[in-house]
Amino acid sequence: MAVYLEDVSRTFGEYLLIPGLTTKACVPANVSLKTPLVKHALHEAPSIRLNIPFVSAIMQSVSGPELAIELARNGGLSFIFASQTIENQANMVRKVKKFKAGFVVSDSNLTPEHTLADVLRLVKNTGHSTIGVTDDGTSNGKLLGLISSRDYRVEKDPPELKVKDFMTPFSKLIVGRSGISLTEANQILWDHKLNSLPIIDQDDHLAYFVFRKDYDSQRDNPEELHDESKQLLAGAGINTRDYRERVPALVEAGADALCIDSSDGYSEWQQETLQWIKERYQIPVGAGNVVDSKGFQYLVDAGADFVKVGIGGGSICITREQKGIGRGQATALVDVVRARNEYAKKTGVYVPICSDGGLVHDYHMALALAMGADFLMMGRYFARFDESPTKTLRLGNNYVKEYWGEGSNRAQNWQRYDMGGTESLKFEEGVDSYVPYAGKMKDNLAVTLGKIKSTMCSCGALTIKDMQQNAKITLVSSTSIVEGGAHDVILKEPN
């Protein structure tokens, strides 16, 4: 006979938070949203900590390199989507890692014998206007000169003009020597009013660039998520099919964390994938998705560094509709968090929980954190922004962005949803859709984070851990949900 669970499968919209004592210290400026990404011993710091509790979904329509860069600059982490060739995904990871590193390895280099046409082609391909001129055209060749947009005029200089005839030669460059600190390099930039500073070794070979814009960027993004070398952190999704080829390429590209992408993670396929990676690499790996304590325990025993919770709750996911598989996101989260806490008490190891799906409103995010999630994976939320990889379109009188599920025909990613056999899947578990265009990520993120911090203050919590331990949560009725919105008034038309 089948096992029947007594609890009701509930969503975040069925709950509200009860205010706690708001002390004078409980102001948004004092709230910390730092949270662990990977498992760690209790009372010890995790090897990776997020500065905001947000990661972007492993989706073609969400997590490209541009969004990964912007999210990391604001304190979160992206997992570059896996439904593409290994080479393409690895290159996307490299693009994130190279965007801002304090000391940046140059990916734009030419020889003195190249031409202006080569310069323009390189600038178009890389988007970088500073080009190192080396004897062999590589990133670590002997530095002979430098090219910036101030060294040529496209409208007047002929395309066949040699680089050696318009570059700034080495003799006129101000350079730093290997071993210089980032603080010292930035001071040289300021003292000499430079936009870039080449760093060379004892043999005058190019080692790095330090850019003035990176200093400005760090000042404007105090929550930026980077490593000790000032490189942005980047995650990458993987599947349980080609991981033996994909993982080495992603590790070589510099990925900081991996996450197995699947609609149902309680499987031997994920166990084998985790064990294979753990035997060969030190890189953290998240797994999922699961919706109950048994699924959590299975993946943790297999070596998962964090566990993703949620099946069928995403706005474009129709797994529940198609297969009858899933669980209300709030109920699933509470069950898995309970198992996580018991595991931590028993073993002394804390395994972070990622809540994936079911977040319709910003206050749902605060509820998910209060219920025990350490961070949230979101697709629809990030798909709306300029930085997502999809097109902005006009639909009627509104602007929208395309947004499709990884289980849709458009994604063509059956490795994520198949059951391990050789037969291809015959039905979809995701839809192709639009989301309202919302503009720049940073502006929207500031509003959302402001709401979460304000909610935490109302609950008397200054950290996510405080929120998890002390929040009071109540179920609501359908009529009280109506009561919570505008009602019994005639709303004014917006101007």
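In what order do the three strands of the open sheet stand? In this predicted model, the order is β11-β12-β13, and the pairing is mixed. β11 (176-177) and β13 (206-211) are the edge strands; each has a single partner strand, so one side of each is left without a neighbour in the sheet.

β12, made of residues 196-200, pairs with β13 in the antiparallel sense, over five bridges. Within this pairing, Pro 198 stands opposite Phe 209 in β13. Helix α4 (residues 182-191) packs on the sheet and touches both β12 and β13. The direction of α4 makes about 65 degrees with that of β13.

**The largest pocket**

The largest pocket holds about 960 Å³ of space. Its lining consists of 35 residues, and those nearest the centre are His 128, Ser 129, Thr 130, Phe 211 and Lys 213. Two strands of the sheet, β12 and β13, are among the elements that give two or more residues to this lining. Also in that group are strand β9 (143-147) and the helices α1 (65-73), α2 (86-99), α3 (116-126) and α5 (212-220).

Which element gives the most to the lining of the largest pocket? The answer is α2, with five residues.

The table divides the lining of the largest pocket by residue class.

| Class | Lining of the largest pocket |
|---|---|
| Nonpolar | twelve residues |
| Polar | 13 residues |

Note on methods
Residues are numbered from 1 along each chain as its sequence is written. This is a predicted model: local features need pLDDT of at least 70, side-chain atom pairs count only at pLDDT 80 or more; totals for chains, interfaces and linings use all residues. Side-chain values use heavy atoms; hydrogens and water are left out. Two strands pair if DSSP finds at least two bridges between them. Helices (H or I, at least four residues) and strands (E, at least two) are DSSP runs, numbered from the N terminus. Contact means heavy atoms within 4.5 Å. Axes are lines fitted to C-alpha atoms, for helices over the stretch in contact, and angles run from 0 to 180 degrees between N-to-C directions. On a 1 Å grid over the protein atoms alone, a cavity is a set of points where a 1.4 Å probe fits but cannot get out, and a pocket is an open set with protein on both sides within 12 Å along at least five of seven lines; lining residues have an atom within 4 Å of a point. Grid points are joined across faces, edges and corners, and a volume is the space filled by probe spheres set on the points. Ala, Val, Leu, Ile, Met, Phe, Trp, Tyr, Cys and Pro count as nonpolar, Asp, Glu, Lys and Arg as charged, and the others, Gly among them, as polar.
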